Amino acid sequence: MNNKIKEIANRSLQNEWVSRDDALYLMQTDGDEIYDVLYWANQIRLQYFGHAVKACSIVSAKQGRCTEDCSFCSQSVRYHTGIEEFPLIDTHKILDVARYAEQTGSGSIGIVTSGYGMNNPGDIGKICAAIKEVITNTRIHPHGSFGILTRETAELLVTYGLKRLNHNLETSERFFPTVCSTHTFSDRMNTIRIAKEAGLEICSGAIFGIGEGMDDRIDLAFTFKNLDVDVVPINFLHPVSGTPLENSVPLTPLEALKIIAVFRFVLPDKEIKIAGGRERNLRDLQSWMFYAGANSTMIGNYLTTTGRKMEEDFQMIKDLGLKLQNN
Ligand code: SF4
């Protein structure tokens, strides 16, 4: 057992800050030492969350035709990906998804719309109506991801009952311009600030395997720490044909697990949720995501890629001796 990894873990177990240098040391581990990092990440998860894990699913409420050019995303109007495109779906369809999520044991759904923000007149009213319907008719917590928000929109969403906003930073401030040229890292940070000030919980995460370096991964982990976000979704690139990253090589499963683990060291008491791309990047090691420190996962299909059956994930959670928590 590597003593330095144990020392860093002890700081995390006492909820003391892990330094940037220590986080980089963990991220640079190789060979058998990766298993030490995973072991301690699991200890940290157990200390803060015990055997409880969370699951949520998403509904793609408006898909494609996005004006932005995020290089990993199949929904940009600039790339020919052949995905199904549709305008904002009706409230009853969102309610149907919430009812299904309730039946299958999810505690929440994320209502996700493509695009820079809520620019179409009428869309925000329909989203607010859907949030109210879900709250009135199910026990599901509706969360949302609506792109860049104005202060007025954030406050309106809160008025209708939205509790949590997802708004990913995607990658580090340094690497962001390589990934997207149509808006900035500051634009995204600003939406998080506005949402926090409006009283929303913040779910903000990243996508890995898009060409970022170890420094970018570490910087991002500390950005989330400084922002004191509530939930950190971790996505791994699932390359889609037609996007600039279509030929990217997936991360190895151990590299992906190490990223999860280092985030657990830096953010010991935060919900770390594994989201898109886990099937492709973790392959047979998917169940290890909890051993690497995750305490939450997205289940079902992702926005434009297919996840495995929910039943398989529920079985995996049961087989690991973990307990699904519904809020
Ligand atoms: S990630 Fe969001 S903003 Fe970027 S292209 Fe996709 S839908 Fe548009």
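Modeller: Start with helix H1, residues 3–13, and H3. Their axes come within 10 Å and cross at roughly 15 degrees. An angle under 35 degrees counts as roughly parallel, so H1 is roughly parallel to H3. The crossing of H1 and H3 is right-handed. On the H1 side, the contact uses Ile5, Lys6, Ala9, Ser12 and Leu13. On the H3 side, it uses Glu33, Asp36, Val37, Trp40, Gln43, Ile44 and Gln47. By class, the contact of H1 with H3 has 6 nonpolar, 3 polar and 3 charged residues. Keep in mind that this is a predicted model.

Now turn to the other partner. H3 spans residues 33–49, and helix H10 spans residues 253–266. The axes of H3 and H10 lie 9 Å apart, at an angle of about 45 degrees. H3 and H10 are therefore oblique to each other. Their crossing is left-handed. From H3, the residues in this contact are Ile34, Val37, Leu38, Ala41, Ile44 and Arg45. They meet Leu254, Leu257, Lys258, Ala261, Arg264 and Phe265 in H10. This contact of H3 with H10 has 9 nonpolar and 3 charged residues, and no polar ones. Look back at two names. Val37 and Ile44 are part of the contact with H1. Val37 and Ile44 also take part in the contact with H10.

Next, the loops. Glutamine 28 is in the loop between helix H2 (20–27) and H3. Glutamine 28 and lysine 258 are 230 residues apart along the chain, yet their C-alpha atoms are separated by 9.2 Å. Lysine 258 is one of the H10 residues that meet H3. Is glutamine 28 buried or exposed? Glutamine 28 counts as exposed, because it has 12 C-beta neighbours inside 10 Å. The cut-off for exposed is 12 or fewer.

One loop back sits asparagine 15, between H1 and H2. Asparagine 15 is not a glycine, but its phi is positive, about 55 degrees. Most residues other than glycine have a negative phi. Asparagine 15 has 11 C-beta neighbours inside 10 Å, so it counts as exposed.

Aspartate 228 also has a positive phi, near 55 degrees, and is a residue other than glycine. Find aspartate 228 in the loop between helix H9 (214–227) and strand E7 (231–236). Aspartate 228 is exposed, because 10 other C-beta atoms lie within 10 Å.

Notes: Residues numbered from 1 in each chain as written. Predicted model: local features only at pLDDT ≥ 70, side-chain atom pairs only at ≥ 80, totals over all residues. Axes fitted to C-alpha atoms, helices over the stretch in contact; angles between N-to-C directions. Helix = DSSP H or I, 4+ residues; strand = E, 2+ residues; numbered from the N terminus. Parallel < 35°, antiparallel > 145°, perpendicular 65-115°, else oblique. Left-handed = near helix turned anticlockwise from the far one by under 90°. Contact = placed C-beta atoms within 7 Å. Nonpolar A, V, L, I, M, F, W, Y, C, P; charged D, E, K, R; others polar. Buried ≥ 20, exposed ≤ 12 C-beta atoms within 10 Å, placed from the backbone.
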